[in-house]
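Here are some short notes for your review.

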Amino acid sequence: KAISRNTKLLILDEPTAALTIKETQSLLKVLASLKAQGVGMIYVSHRMEEIFDISDRVTVLRDGQLVGTRNTDETDDNELVKMMVGREIINHYPHWEYNSKNKNIKLKVENLNVKNKLKDISFELYDGEILGIAGLMGAGRTELAKSLFGVENIESGKIWIDGKPVSINSPKDAIDLGISLVVEDRKDEGLVLISSSQNNINLPNMDLISRFSIVNEKDSVELSNKVVEDLSVKTSSIKVNVNTLSGGNQQKIVIGKWLARNPEILILDEPTRGVDVGAKNEIYEIIIRLAKKGVAIIMISSDLPEVLNIPNRILVMHEGEITGEFSKEEATQEKIMLAATGVSVQ
């Protein structure tokens, strides 16, 4: 639609955020063709590899201010990251070790089926483990997350938590069982954008800050301030609406409101989508810190480097089924992509 009217200037804002690798490659070919025709483009993205693939110059903004502009062929990842976050990030993916030996099986799922969405899903999740789930768009990853949180109607299958069979028919059931879900789309499902950070943090925690259905303002403020402090959310006040915060700080609010419940099982659906490199690094540190405390974590991601570097174990889904399982050591981009397209991988 945007290029259908003899466009001279095309502005693209995170155009590949919800695209697969193949779809992204197709889009970049279209942009290269438009460039050859003389169309000028402003391409907004957090994906460094795309910036270096297609741009001639790179301009970095931070906190609403111009930091600088570089010719793409005269800069590198490290310089741009330093410009973006105001400091040098030595390790984009924090390293940590995990061994499931002698660890408790926190969650066990057996032959889980959701009509037209999931088929015979079975897996185990250990205490303190980060279990990655990869796959293409529409593979069923989000549906799996929502079924475990009581949003999707489970047709058949069994679920155990700490070895005890459980029934999850609603989000309340899941919350009561110690499960929290950070949703994929923070703007449409995770936040009330025209409301304050305090109100957003309060929403899933009313039982913690109210008595007889009346909110205790002192408890509400204390809870919100603790979340903001613990996750280093950059905001002038918890009273400020979340739509004034950066994407990374909005994502921290989405994560923080659930961490306030001290979940035993945390499901993260695309936890770093649409945030800058610095915020990603901070979110990785939060996730690893939680795992070290014993929280069992399911991490759904379309970012292959993220999937290969953060989780301890990776499940791959295709058309509602699990088509591959890899340890961190044996996983490769090729193996994950083959399994994601339904090819059996040995």
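How are helix 10 and helix 11 oriented to each other? Bear in mind that the model is predicted.

1. Helix 10 spans residues 247-259 and helix 11 spans residues 277-292. Their axes come within 10 Å and cross at roughly 15 degrees. Angles under 35 degrees count as roughly parallel, so helix 10 and helix 11 are roughly parallel to each other. The crossing of helix 10 past helix 11 is left-handed.

2. On the helix 10 side, the contact uses Gly-248, Gln-251, Lys-252, Ile-255 and Leu-259. Helix 11 brings Ala-279, Glu-282, Ile-283, Ile-286 and Leu-290. By class, the contact residues are 6 nonpolar, 2 polar and 2 charged.

3. There is 1 cavity of 30 Å³ or more in the structure. The largest cavity holds about 170 Å³ of space. Its lining has 15 residues, and Arg-47, Thr-272, Arg-273, Gly-274 and Lys-280 lie nearest its centre. That lining divides into 3 nonpolar, 5 polar and 7 charged residues.

4. The second largest pocket has a volume of about 800 Å³. It is lined by 33 residues. Nearest its centre lie Arg-47, Glu-49, Asp-303, Leu-304 and Pro-305. Elements giving two or more residues to this lining are helix 1 (21-36), helix 2 (48-54), strand 7 (130-135), helix 11, helix 12 (304-309) and helix 13 (333-340). The lining of the second largest pocket has 16 nonpolar, 10 polar and 7 charged residues.

How values were computed: Residues are numbered from 1 along each chain as its sequence is written. This is a predicted model: local features need pLDDT of at least 70, side-chain atom pairs count only at pLDDT 80 or more; totals for chains, interfaces and linings use all residues. Side-chain values use heavy atoms; hydrogens and water are left out. Axes are lines fitted to C-alpha atoms, for helices over the stretch in contact, and angles run from 0 to 180 degrees between N-to-C directions. Helices (H or I, at least four residues) and strands (E, at least two) are DSSP runs, numbered from the N terminus. Angles under 35 degrees count as roughly parallel, over 145 as roughly antiparallel, 65 to 115 as roughly perpendicular and the rest as oblique. A crossing is left-handed if the near helix is turned anticlockwise from the far one by less than a right angle, and right-handed if clockwise. Contact means heavy atoms within 4.5 Å. Ala, Val, Leu, Ile, Met, Phe, Trp, Tyr, Cys and Pro count as nonpolar, Asp, Glu, Lys and Arg as charged, and the others, Gly among them, as polar. On a 1 Å grid over the protein atoms alone, a cavity is a set of points where a 1.4 Å probe fits but cannot get out, and a pocket is an open set with protein on both sides within 12 Å along at least five of seven lines; lining residues have an atom within 4 Å of a point. Grid points are joined across faces, edges and corners, and a volume is the space filled by probe spheres set on the points.
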